[in-house]
Structure formats: structure tokens, C-alpha cells
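Dear colleague,

I am passing on the structure we spoke about, and below it you will find notes on what turned up when I went through it. Please read them with the model open beside you.

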Amino acid sequence: MNATLAAAGAGRHRDDIQGIRALAVLMVVAYHAGLPVPGGFTGPDVFFVVSGFVVTGMLLRERIATGRIAIVRFYLKRARRLAPALAIVALATLAMAVFVFSPIGPDQEVTGRAVGAAATIRANIYFLRQTGGYFQPAAQKNPFLHTWTLSIEEQFYLAFPIVLLALWWVSERWRTGGRWAMALLALGCLGSLGASVALSYGHVPYGWAHLANAIGSIDPMHVAFFLPVTRAWEFLAGVLLAFAAVQWTPGRLVRGGAAAAGLALLVVTTAAVRSTDVFPGVVAMLPVSAALGLLVAGLGAPSDVPAPVVTRLLSTKPFVWIGDRSYSWYLWHWPLIVYARALYVGTASAPIVAAAVSLVLAALSFRLVEDPIRRRRVWPSPKATVFIAAVSVAVPLACAIAFISVVERGWGDREIADIRATAAPNHIDITTACASMAPLGDPARPPCTWMADGARGTLLLIGDSHAGHFSEAFLAAVHALQYEAELATAGGCPFLQRPAYQSEPCREFVEGSVAAIAHRARPYDAIVVSNATLGYLDGPLAPPFASDASPGAPVTRPAEIAGWVASLRRTIQAIGRRSPVVVVGDVPQFYQMPQCLRPTLFTGPSRGCGVQTPAWAAAWRTDVVTEERAAVLSLGATYLDAGAKLCPPGQGCSAFLDGRAAYRDGGHLNVSATMTFAPDFQAALAAAIARGVMP
């Protein structure tokens, strides 16, 4: 390897790389601020490629100059570069959570847990297991969600130098001149890409249910999104380019074409990619290819022919200035945007202003913390670096643990502690692992059966999380009727046979469970189906239901309801031939419960907390409950209108029963409130059993 070529290709400082970082962070910030850049969330993919290229260039230059790589020094350098700034943002995020988030509900606690996960380089695993996906509402409300990318980068920084040294050692032993190293890296890149694409499109390996249980997520697309193994190909693409740059200087035409292609691909990515696309999948190749194109455009010695226009533009002071501060801006922007949205609900300008303020904080953080420490202007010794790294991890982690402890104890406020104690207990389907995407009859599903001496038969409760939040009432009713009980719930997956499902795991749960019900040796004596009807029809998941009844139907609320009812009819017809069916009508949703009882640590209940107007109640009970009930009764099944208990005729809806909050979160009843429905379930089940199967 020629040292001059290495310096020209992969090792030298390049202003245009800072410009590429600037483009990436602008994409992310604009997307998070709500600006019309739907593909802005792919900015981290650009960062990953750049990181692979830059880190490999540094390691190559060091090896060519000294014949070795000082791994410890590399780790210390990364620690000085990343840890102090992250620690300061972590502490600020915890402090802001005290004043912005409600002490009731999960927001403060999950913020503390996310900070702890980020401090210990496992934020990506935490969000994979806890949120159900990057684009889920629970994830988007977390002010430390963005640190999943930092954890993946840090995991790469930890593993890659060791892997590279091992590959070089093999190459030297076999005297292959580095060819084997590049070949194995290329194979690793292709393997990672293949795994990412396969999982993104639902192609899972044998025994996936057991593997997914160990990983902590059953949805393969989410696994592909968050795991370092399925993201490694993006880093390795940059790594391979850095290797190639050691011995290759592209000509002017190649560089110009790469610049144009890279910019065009980045524009297409930003404008055309949607959060609803299968991602990473093949779509992630767009931002990765764009980053590679822009990096190739900047290859070549400084005295070479003039750089392409795009490269020169990226090397200008504004882009370099933003690129230099891209890490700090990335750290600060998301917490401020999340808190701005929480404080100014529905104000479109709030996240934009927060993004602008975060740039000011980023500039201050860069000047006062990141740059002085990174350039060793303060505490330059290796021992000081170890101390800085240790403190940057230990202090946020200790504060996060203390923060979680205080939140769990209700901040020493008896009222807050009582409300939290009522809302906190998980329903029995969660505590017994009966909430799973594994269908009935699948070996991966736990045996969720409650036995009874002298039982008359078995009754089944099946559905999504709204089946789960009725599990205690169902079990009490089944016990009173002297039957065995079985639970099968899958959060986020309505138990409906549909022409098209929102995910492959959901399809497998529904279709597999329907098949198991049909082939059960002894039919269930009754089946209770419960779904979060309003959660789907009043949210972003509603439009696909319009085509369930009539493919190509216009997306209107009547069409969405008709599609829901059509899928419900299909389901009843499929499972009701051998067993009586009870369909549970949904309860209303109160999206700020129970947090609105204490919106912040320092305020009382918000106006209208836990109450919905008679007009709203009449509207949803007319257009949803009426249609659903009519379809169920027409098929000879039983309809249990659970919402009637919370929405008396002619009145509005209330989130309280007997003066106590009935909800554990905005859409789910708490355990104590659930038990008040036991007599209703008992009566509905007795009536269904007496009526028998549908004609």
C-alpha cells in the first residue's frame, strides 16, 4: 500500500465529508421538526456510511505510517469525541423531563430507562424491545429515541478495529496482501445486507419464534431496523470504499458522475421515501448509495483536477460549520422537539422553533465541551481520558437510576403514588406471556390455560391488547361458570381475517389461530373476540380498512367502518361454525389518561381530564357500535357493549368508575376497573353458550 495514495484517498481531512454530515443532520432535523421531507429519517444511514469510511481511513493511515494500530488509543479517542457531549445532553434531558412530563404514566420512567440504555451503549436494543418500532407513538414520545443510532455506531467502533486486526493478521500469515481481508469484509457486507432485506420483508429463519423471544421482538422488520448485525452492511460499504481509495483515484468524469448520482439519490430519498415503506429493506440502499457517491466525488489528491461542483459546495464554510457541529446538533434536537410538542400540543411551529434553538445549544456545546475535550485542550493525558469516559458513563447512569426510583415512588406525593399504583399493574396476559404473536397451536406460544376441577369445557379470549385488558374479567366470569379459560392476545394485531394485513407476524397470528380453532379436537364452548376498534378507526391505521370491504374504495370514515365490519364478519363466519362467538364492543379512548390528572409535577388536573362530550359519544357509538352490533347479531353471535358502562345513553363518556380512574393509559383499562366487567362477561358468555353456534 502506498502511503501517499492512502493519504489522498482515505486518510486526509476532507471538508466535503463535513458537508455530507451536514446534509445528513439537516435531513434528520427537518424530518423530526415536521417539515415536508418524508425521507429525512434516513439521515442516519448516511452517517453510518461516512463513519465506516472515516474510521477505516484513520486506521489505514495509522497502520501504513506505524505498521500497527493502537486500539486502546483508538477507543480513548472515540470516548473523548462522543461521551462528554452525550452525558451533558442526557442530564439535561432528565432535568427537562421533571418539568415537562407528567409524573403519572410512563413518560418520565421510560425517559430515565432510555438515558440509562444510551449511557451503556444499548439504546438500540432497548427501543427494539420496548417500543414496537421506531415510528410507533410510544417511541416518538421518547426524548432519547434518537440515541439508537449512537449505540449502533458505538457498537461498530468497539467491534470493528478488533475484526480488522484479525483480518490483517490472517492476511499476513497467508501472505495474501490484504485481498482476503477485503474479500471477507465484502462477504460480511453482503451477508448483513441479505439478512436485513430478508427480515425486512418478513422472511425469517427456521425457529424464528424462539430466536425472536431471545432478541425481544417478534417483528422481523423492527429487528432489521435496530440490530447492529443488520445495519453493519451500511458501515461496511464505507469501509470497503476506504480500502478501495488506498489504491484507486477516480478520474474527473467518474467523480463528476458520482457527485451527480449521489446528490440525485439523496434528493429522491428525502422526497420519496416514506415511513410506511418497508425499511430498511432495499429502500436503505438509496441513502447508502447516495453517501457512497458523494464520498467518491471527493476522492483524489488535493492537487488533482478541480473537484465536482457538488463537492466544492459541500466544502463551503456553512456546510462545514454545520458538519462540525452535526453530532452536537443531533444530540440536542430531538429532546427539545419532543418537549416542545408536549408543551405546545398541536402547534406546528413548536418543533421548528425547538430545532432552531437546539442548533444554538449545539454550537455552545461544541465550543465549550465537545471541541476542547476532543482536541485535548483540557485534561489531555490518557489517564484523564479514562476518567472523562468513566464519569461520562457513570454520572448519567447513576442519575437515570435515581430518577427512575424517584418516579416509581411518586416523587414522595401520596396522590401521585396512589394513581401510579392503580395504573401500574400489567394485565395477566402480559405477566403470563400470553401476549404473543405466536398463533394458537404454535409451540412458541405458552400454554395459557387456566384449569378448573370438573370443568364443563373451555372458553377462549382472543384479540389484541384490548382482549388483554379484559383478561381478569374474563377469567373471573369463566371461573364462575365452571369452565376452563384460555387466553391468546397479540398487541397491535386485531383478530380479524383481512384481505391484507399490516404485517406478516399479524397475518400469521390471525390465520394460524383461525386454523387451530377450526382443527381443535374438541371445539371451544365459546370464543370471545375483543379488539381496539377505536384505536384503529380513529388513528393512522384506519385508511387500509377502507379496502377490506371494497378494494379501491375511497378512504372515508364510512368506508373504513364498513371495511372493519366486513373483516369482523369474515372472522365470525370462520370461527363461529363450531363455537358460539361473543364480540366485545370497544371502550372509549382517553389519550391523556391518566397523565391529565397531574400533567406536571407542579400542576393539578387539566381541564376536561377523562371526559368526552355527549356529541362525541353519540357520534362514535352511532357510526361504529351500531354497525358492529348489527353485523354481529345478524350472524347469530353475541355482542357485549363494554363501552356502555363508560358512556351512559344520552351522556358523554367518562374515564372514571365509582369516582376512580379506570384507565392505566390512554387506551387500556386498569386491572381494578377491568374487574367491574366480570358480571357483564359472565352474562354474555352464558347467553352465547345457551344460544349455541351460528345457524
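C596 is buried, with a relative accessible area of 7%, where buried stands for under 20% relative accessible area, exposed for over 50% and partly exposed for anything in between, using a 1.4 Å probe and protein chains only. C609 is buried as well, at a relative accessible area of 10%, and a disulfide joins C596 to C609 with an S to S distance of 1.9 Å, a disulfide being a pair of cysteine sulfur atoms within 2.5 Å. The torsion about the S-S bond of C596 and C609 is about 65 degrees, so this disulfide is right-handed. Both cysteines lie in the loop between strand 5 (581–585) and strand 6 (611–612), so the pair ties together parts that are 13 residues apart in sequence; helices (H or I, at least four residues) and strands (E, at least two) are DSSP runs numbered from the N terminus.

Before going further, please keep in mind that this is a predicted model, in which local features need pLDDT of at least 70 and side-chain atom pairs count only at pLDDT 80 or more, while totals for chains, interfaces and linings use all residues. Residues are numbered from 1 along each chain as its sequence is written, and side-chain values use heavy atoms, with hydrogens and water left out.

Another cis peptide bond joins F279 and P280, with omega about 10 degrees, and P280 is found in the loop between helix 13 (252–272) and helix 14 (285–297).

To return to the disulfides, the structure holds 4 of them, and when the bonded cysteines are numbered in sequence order the pairing is 1-2, 3-4, 5-6, 7-8. One of them joins C493 to C506, with an S to S distance of 2.0 Å, and this link is right-handed, with 85 degrees about the S-S bond. C493 lies in the loop between strand 3 (484–489) and helix 24 (504–518), and C506 in helix 24, so the pair ties together parts that are 13 residues apart in sequence. C493 is buried at a relative accessible area of 0%, and C506 also counts as buried, at 1%. A further disulfide is formed by C647 and C653, whose sulfur atoms are 2.0 Å apart; its torsion about the S-S bond is about 115 degrees, so it is right-handed, and both C647 and C653 are buried.

Two residues have a backbone angle worth a look. I121 has a positive phi of about 60 degrees although it is not a glycine; its place is in the loop between helix 5 (107–119) and helix 6 (123–131), and at 30% relative accessibility I121 counts as partly exposed. A433, likewise not a glycine, has a positive phi of about 65 degrees, is found in the loop between helix 21 (428–431) and strand 1 (449–450), and counts as partly exposed at 38% relative accessibility.

If neighbours within four places in sequence are left aside, L685 is in contact (heavy atoms within 4.5 Å) with residues including L459, F474, A477, V478 and L481.

Lastly, the second largest pocket has a volume of about 1,100 Å³, a volume being the space filled by probe spheres set on grid points joined across faces, edges and corners. Of the 37 residues that line this pocket, the closest to its centre are R21, V54, R78, R81 and R374. On a 1 Å grid over the protein atoms alone, a pocket is an open set of points where a 1.4 Å probe fits, with protein on both sides within 12 Å along at least five of seven lines, and lining residues have an atom within 4 Å of a point. Helix 3 gives the most to this lining, with 9 residues.

With best wishes
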